[in-house]
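Good morning, and thank you for coming. Please look at the structure on the screen while I describe how its side chains are arranged.

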Amino acid sequence: MRLFPNEKTGKAWDQSVMQRNFEVLLVSQFTLYGILKGNKPDFHVAMPPAKAKPFYTSLVEKFQKSYTNDTVKDGIFGAMMKVSLVNDGPVTMQVDSPSVQDSSRSSNGDASLVPDGEAAVPNETR
């Protein structure tokens with residue numbers, strides 16, 4: 001995704017993480033799929049850990065192969081972690097997988113699907 005300005009041309013939304021040689025931090029977050037059921041969280045829509053761990057590992061490996069291995073960092077699946085960041089920008093992007101209700105299309109309109117248990121890295125990030 002081209003999320004960063006081109007410092008040479010001044011053009012906004014023109015360069016990717018790879019073009020800027022930035023690091024990538026991948027952290028699994030099943031809590032992002034939590035919903036409220038009454039006044040408590042419910043995570044039944046999250047992928048079960050037995051499927052999620054290999055999926056997450058596959059995602060990390062694909063990022064490392066598509067980019068520079070030592071530039072891609074990851075968390076520990078299922079662990080309690082303290083992650084801090086500086087959110088430096090005007091927007092936050094949420095990238096999601098294909099909808100269960102419409103499994104023929106991904107969230108970006110691409111009709112190609114990823115086999116179960118494998119992670120896709122969009123062509124734009126390569």
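I begin with the largest nonpolar core, which is made up of eight residues: Val24, Leu26, Tyr56, Leu59, Val60, Phe63, Tyr67 and Val72. A nonpolar core here is a set of buried Ala, Val, Leu, Ile, Met, Phe, Trp, Tyr and Cys residues joined through side-chain atoms within 4.5 Å. Buried means under 20% relative accessible area, exposed means over 50%, and partly exposed lies in between, with a 1.4 Å probe and protein chains only. Two or more residues of this core come from each of strand 1 (24-26) and helix 2 (49-66). Helix 2 gives the most, with four residues. Helices (H or I, at least four residues) and strands (E, at least two) are DSSP runs, numbered from the N terminus.

Please note that this is a predicted model, in which local features need pLDDT of at least 70 and side-chain atom pairs count only at pLDDT 80 or more, while totals for chains, interfaces and linings use all residues. Residues are numbered from 1 along each chain as its sequence is written, and side-chain values use heavy atoms, with hydrogens and water left out.

Let us turn to the aromatic rings. How many aromatic pairs does a search of the whole structure find? The search finds two. Rings of Phe, Tyr and Trp (its six-membered ring) pair if their centres lie within 6.5 Å; planes under 30 degrees apart count as stacked, over 60 as edge-to-face, and the rest as tilted. Phe4 and Phe22 are edge-to-face, at 5.0 Å centre to centre and 90 degrees between the planes. Phe4 lies in the segment before helix 1 and Phe22 in the loop between helix 1 and strand 1, so the pair ties together parts that are 18 residues apart in sequence. The other pair, Tyr56 and Phe77, is tilted because the planes stand at 40 degrees, with the ring centres 6.0 Å apart. Tyr56 is buried, at 8% relative accessible area, whereas Phe77 is partly exposed, at 25%.

Finally, I come to the salt bridges, of which the whole structure has three. A salt bridge is a side-chain nitrogen of Lys or Arg within 4 Å of a carboxyl oxygen of Asp or Glu. Arg20 and Glu7 meet at 2.8 Å, N to O. Arg20 is partly exposed, with 21% relative accessibility, and Glu7 is exposed, with 67%. Asp14 pairs with Arg2, with the closest N and O atoms 3.8 Å apart. Lys37 pairs with Asp42, where that separation is 4.0 Å.
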